[in-house]
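Here is a short report on one protein model. It moves from contacts to overall fold, then to the sheet and side-chain pairs.

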Amino acid sequence: MPDHTYRIIELAGSSEISHADAIENAIARASKTVHNLRWFEVAQMCGEIEGGEVRHHQVTMKVGFTLEGGDPND
């Protein structure tokens, strides 16, 4: 198994549907400009309550991606 070096960024995703959807939204948006995304770790989940119901979900996460210019098989 080759060695890996990652850069880690923090993202906050949101959704009116679910926390899982908030994760998907953040990863989909980040993948448009950040290449080689490899993993994520949820750091915080929160939401907004309106009229006694959950209306908005937010997830803050760390996302790791491999640095370009290394092994082409990574």
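Contact here means heavy atoms within 4.5 Å. This is a predicted model: local features need pLDDT of at least 70, side-chain atom pairs count only at pLDDT 80 or more, and totals for chains, interfaces and linings use all residues. Residues are numbered from 1 along each chain as its sequence is written, and side-chain values use heavy atoms, with hydrogens and water left out.

Which residues does Thr66 contact, leaving aside its neighbours within four places in sequence? They are His4, Thr5, Tyr6, His35, Asn36 and Arg38. Thr66 is found in strand β3. Strands and helices are DSSP runs, numbered from the N terminus: E over at least two residues for strands, H or I over at least four for helices. Thr66 is buried, at 7% relative accessible area. Buried means under 20% relative accessible area, exposed means over 50%, and partly exposed lies in between (1.4 Å probe, protein chains only).

## Overall fold

Along the sequence they follow the pattern β-α-β-β. The radius of gyration is 15 Å, well over the 11 Å that the globule rule gives for 74 residues, so the protein is more spread out than a compact globule. That radius is taken over C-alpha atoms, and the rule is 2.2 Å times the number of residues to the power 0.38.

The C-alpha trace spans about 55 × 20 × 15 Å along its principal axes. Of the 74 residues, 22% count as buried. Take the contacts between residues at least 6 apart in sequence: 65% of them join residues at least 24 apart.

## The sheet

In what order do the three strands form the open sheet? The order is β1-β3-β2, with antiparallel pairing. β1 and β2 stand at the edges with a single partner strand each, so one side of each has no neighbour in the sheet. The twist averages 15 degrees from one strand to the next. Angles run from 0 to 180 degrees between N-to-C directions, and axes are lines fitted to C-alpha atoms, for helices over the stretch in contact.

Two strands pair if DSSP finds at least two bridges between them. β1 and β3 (residues 53-66) run antiparallel and are joined by ten bridges. Arg7 stands opposite Phe65 in β3. Twelve bridges link β2 and β3, again in the antiparallel sense. Met45 has Val59 in β3 as its bridge partner. β2 and β3 form a hairpin with two residues between them. Gly51, in the turn, has a positive phi of about 60 degrees.

## Helix and loop

Helix α1 (residues 19-30) packs on the sheet and touches β1, β2 and β3. Its direction makes about 40 degrees with that of β3. Ile27 sits in helix α1. Its contacts, leaving aside neighbours within four places in sequence, are Leu37, Phe40, Met61 and Val63. Ile27 is partly exposed, at 24% relative accessible area.

Asn36 lies in the loop between α1 and β2. Phi of Asn36 is near 65 degrees, a positive value in a residue other than glycine. Asn36 is partly exposed, at 27% relative accessible area.

## Side-chain pairs

A search of the whole structure finds one aromatic pair. The rings of Tyr6 and Trp39 have centres 6.2 Å apart and planes at 80 degrees, so the pair is edge-to-face. Rings of Phe, Tyr and Trp (its six-membered ring) pair if their centres lie within 6.5 Å; planes under 30 degrees apart count as stacked, over 60 as edge-to-face and the rest as tilted. Tyr6 lies in strand β1 (residues 6-15) and Trp39 in strand β2 (residues 37-50), so the pair ties together parts 33 residues apart in sequence. Tyr6 is partly exposed, at 34% relative accessible area. Trp39 is also partly exposed, at 28%.

The structure holds one salt bridge. A salt bridge is a side-chain nitrogen of Lys or Arg within 4 Å of a carboxyl oxygen of Asp or Glu. Here Glu53 joins Arg55, with the closest N and O atoms 3.5 Å apart. Glu53 is partly exposed, at 45% relative accessible area. Arg55 is partly exposed, at 39%.
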